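Subject: Structure handover

Hi,

Here is the structure I said I would pass on. Have a look at it first, and then read my notes below.

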Amino acid sequence: MRGALLAAALIAAPFAAQAQEPMFKAPKIVLVGDSTTAVSSGWGGSFCAKHVSSNVACVNLGRGGRSSRTYREEGSWALALKEMTSGGFAKTYVLIQLGHNDQPGRPERSTDLATEFPVNIKRFVDEARAAGATPVLVTPLIRRQFKDGRVHDDLAPWADAIRKVAAETGAPLVDLHKLSKDAVQAMGPVEALKLGEAPPPADVAAAAKSGTTTGAAFYEPAIPGAVVPPRPPAAPPTTPSAMGSFKPVFDYTHVGAEGADMFSAMVAKALAQAVPELGRQLLP
């Protein structure tokens with residue numbers, strides 16, 4: 001009997017000692033956003049792979065085609081909250097970048113800029129804080145489309161709305177919109193073509209040389225008083241089997257490896273400035 005008890009004690013000892021050991025104090029960064037944050041089509045993959053130290057857990061929950069409304073409706077925000085409340089980490093930061101799909105044109109996902117979009121963003125901030133995380137707002141990545149040699153900035157109103165929410169709530173701000181706009185303007189329409197997911201078609205490359213890109217969708221804010229079409233419910237998330245094989249195509253919104261590296265470096269630098277306590281965990 002004594003031998004059996006001794007054997008049991010020897011087996012349990014390592015586990016008891018392990019339970020008493022201090023937990024490694026590691027931070028977690030959660031990325032919330034649309035396709036311009038997601039792996040393969042945005043800056044998020046490069047950010048997690050190249051711009052955080054080995055002490056950091058970096059979780060990319062960017063989802064293509066999502067707006068500030070549909071990200072919540074489909075359950076992605078609930079998943080992000082689970083990451084924020086999972087425990088075990090010294091501190092959790094959540095970077096929130098939405099806006100591209102809140103623009104008009106697709107009623108099943110768009111939101112009202114004046115009454116809905118800023119409310120949604122503020123709710124994300126409030127709920128992230130309630131979950132014990134530190135929310136960081138990120139203005140939307142610029143679209144690399146040009147008119148007469150100048151960047152055609154159709155996302156400016158959404159970036160302004162996010163800046164306003166950041167000011168009102170005291171949330172740290174990474175102004176990726178301004179940083180990326182300035183960088184793309186300095187590159188010009190021809191050089192900026194190389195940031196896409198795939199090489200541009202010949203006609204697109206030729207048009208860029210004129211200073212005005214072609215095939216771009218120039219969104220404009222809704223006209224006050226205009227009749228708004230009824231909004232259908234958001235479509236369910238697309239499954240990989242429904243999508244088929246992934247084939248990168250060129251456009252002015254999504255980015256390939258070069259664009260992801262360029263913009264993720266901007267995010268890392270700006271994040272270190274906006275949240276100094278996280279700075280030593282970020283790599284240039």
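For which residues does pLDDT stay under 50, and how many contacts beyond four places in sequence does the model have for them? The stretch is residues 220–228, and the model has three such contacts there. I start with this since what you have is a predicted model. Residues 239–245 are another stretch with pLDDT below 50, and beyond near neighbours in sequence the model gives that stretch one contact. As for the protein overall, the average pLDDT is 88, and 82% of the residues score at least 70.

You'll find 10 helices and seven strands. The protein has 284 residues, and 46% of them count as buried. If you take the contacts between residues at least 6 apart in sequence, 78% of them join residues at least 24 apart.

**The sheet**

Five of the strands make an open sheet, in the order β2-β1-β3-β4-β7, with parallel pairing. At the edges are β2 (57–62) and β7 (173–174), each of which pairs on one side only. Helix α6 (residues 156–169) packs on this sheet, where it touches β4 (134–138) and β7, and its direction makes about 150° with that of β4.

Going through the pairs:

- β1 (residues 27–33) is joined to β2 by six bridges, and the two run parallel; V32 has L61 in β2 as its bridge partner.
- β1 also pairs with β3, again in the parallel sense, over seven bridges; here P27 is partnered with K91 in β3.
- β3 and β4 run parallel too, joined by four bridges, and V94 stands opposite P135 in β4.

β3 is mostly covered, with six of its seven residues buried.

**The cores**

What sits inside? The largest nonpolar core has 32 residues, and those with the most contacts within it are I29, W43, F47, L95, L176, F263 and L271. At least two residues of this core come from each of β1, α2 (44–50), β3 (91–97), β4, α7 (176–191) and α10 (257–274). The biggest giver is α10, with seven residues.

Leaving out neighbours within four places in sequence, I29 is in contact with F47, V52, V56, A57, C58, V59, Y93, L95, L278 and L282. Apart from this core lies another, of 24 residues, including M84, V94, L137 and I162.

**Helix α10**

V255 is in the loop between α9 (240–243) and α10. Is V255 buried or exposed? V255 counts as buried because its relative accessibility is 1%, and the cut-off for buried is under 20%. Not counting residues up to four places away in sequence, V255 touches S40, S41, G42, W43, L141, R144, L195, G196, E197, A260 and F263. V255 and T37 are 218 residues apart in sequence, yet 9.8 Å apart in space, C-alpha to C-alpha.

S76 is in helix α4 (residues 76–84). With a relative accessible area of 7%, S76 is buried. Setting aside neighbours within four places in sequence, S76 is in contact with R63 and Y71.

D126 is in helix α5 (residues 117–130). At 36% relative accessibility, D126 counts as partly exposed. D126 and T169 are 43 residues apart in sequence and 8.5 Å apart in space, C-alpha to C-alpha.

That's what I have so far. Over to you!

Cheers

How values were computed: Residues are numbered from 1 along each chain as its sequence is written. This is a predicted model: local features need pLDDT of at least 70, side-chain atom pairs count only at pLDDT 80 or more; totals for chains, interfaces and linings use all residues. Side-chain values use heavy atoms; hydrogens and water are left out. Two strands pair if DSSP finds at least two bridges between them. Contact means heavy atoms within 4.5 Å. Axes are lines fitted to C-alpha atoms, for helices over the stretch in contact, and angles run from 0 to 180 degrees between N-to-C directions. A nonpolar core is a set of buried Ala, Val, Leu, Ile, Met, Phe, Trp, Tyr and Cys residues joined through side-chain atoms within 4.5 Å. Buried means under 20% relative accessible area, exposed over 50%, partly exposed in between (1.4 Å probe, protein chains only). pLDDT is the predictor's confidence in each residue, from 0 to 100.
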